[in-house]
Amino acid sequence: MTKQRRWLVWFSVAWGVVLVVAALYAVANGKPTVKEQRTITQAQPVVDRATETVVLAAGPVAVRIGGYDQRDTCDVTVARAGLSFQRIIQLYTAAGEEKALLTGLAARLPKAYRASVTGDSLYADAGEFVRVTGSVTGPGQVRVLAATGCRPAGDGPTRTKEEPDRPPVAAVFAKLGVEPLDWAAHSAGCVDTTVATTRSKVAGPLPAKFEGRELLLGTPELVVFRDGAASVVVTVTSDSVSVSRTVSNCQ
């Protein structure tokens with residue numbers, strides 16, 4: 001073996017050792033560089049923190065949050081199936097104040113979110129490849145999504161047994177003259193929502209059921225008001241009723 005060839009062999013071995021050490025260090029200490037390296041399970045705490053951050057930045061508006069729910073199935077790679085999850089944060093303000101709510105939200109989100117508003121849409125980055133988007137969905141209504149994008153499932157979402165806060169929601173149903181049927185509770189850190197639904201029809205105008213209340217929004221299909229520190233949202237269709245009550249202790 002010539003001297004030049006021995007040098008090439010030693011160089012190749014040394015370079016291989018460097019690559020192995022670098023790979024081991026990256027596994028132990030590196031941050032993910034693409035969302036495919038983070039699972040739905042690992043994304044959940046990031047989505048929950050984003051939910052808290054959005055609610056806090058939204059200020060003194062009414063709010064309702066949904067669960068950490070599957071949005072779609074997808075393909076992480078050609079040979080690897082994945083899922084996308086999201087949590088919906090519904091914000092309510094006075095009719096005509098939707099754009100002000102969006103721009104104020106963008107301004108108060110952390111600088112790291114790099115939030116911006118284009119037209120009636122908000123775009124932000126909550127970190128670890130969780131995207132936050134917002135849009136106007138109706139008079140006084142802004143819907144914000146904290147979404148994971150397509151990722152491996154991992155162990156799936158962490159489901160905790162949240163107990164619904166039934167009495168105050170049942171009291172709203174009593175005003176409507178119908179009985180709640182299905183209950184659910186959603187929690188994201190300092191934000192807790194109890195929601196109940198039923199398959200019934202409400203007789204008479206919806207806002208009239210809450211005479212004496214200062215309504216933030218009051219239409220034939222939607223009533224929103226504050227009950228102390230809680231946000232109450234009532235929605236009706238021709239054959240269904242939904243009532244939610246959300247309490248936020250975010251500071």
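This is a predicted model: local features need pLDDT of at least 70, side-chain atom pairs count only at pLDDT 80 or more; totals for chains, interfaces and linings use all residues.

Just after the helix, glycine 177 takes a positive phi of about 80°.

The salt bridges can be taken up next, and the count of them in this model comes to 8. One of them joins the side chains of arginine 114 and aspartate 125, with a distance of 3.0 Å from N to O. Arginine 114 lies in the loop between α3 (98-108) and β4 (116-118), while aspartate 125 belongs to strand β5 (residues 121-127), so this pair ties together parts that are 11 residues apart in sequence. Arginine 114 counts as exposed because its relative accessibility is 60%, and exposed means over 50%. Aspartate 125, at 27% relative accessibility, counts as partly exposed.

Another salt bridge brings together the side chains of aspartate 239 and arginine 199, again with an N to O distance of 3.0 Å. Here aspartate 239 sits in the loop between β12 and β13, and arginine 199 in the loop between β9 and β10 (215-218), so the pair ties together parts that are 40 residues apart in sequence. Aspartate 239 is partly exposed, with a relative accessible area of 37%, whereas arginine 199 counts as exposed at 60% relative accessibility.

Which residue does the side chain of aspartate 227 meet in a salt bridge? Its partner is arginine 213, and the distance between them is 3.7 Å, N to O. This pair links distant parts of the chain, since aspartate 227 is in strand β11 (residues 222-227) and arginine 213 is in the loop between β9 and β10, 14 residues apart. Aspartate 227 is partly exposed, with a relative accessible area of 28%, and arginine 213 likewise counts as partly exposed, at 36% relative accessibility. Both residues also belong to a network, in which salt bridges that share partners join Asp165, Arg213, Asp227 and Arg245.

Conventions:
Residues are numbered from 1 along each chain as its sequence is written. Side-chain values use heavy atoms; hydrogens and water are left out. Helices (H or I, at least four residues) and strands (E, at least two) are DSSP runs, numbered from the N terminus. A salt bridge is a side-chain nitrogen of Lys or Arg within 4 Å of a carboxyl oxygen of Asp or Glu. Buried means under 20% relative accessible area, exposed over 50%, partly exposed in between (1.4 Å probe, protein chains only).
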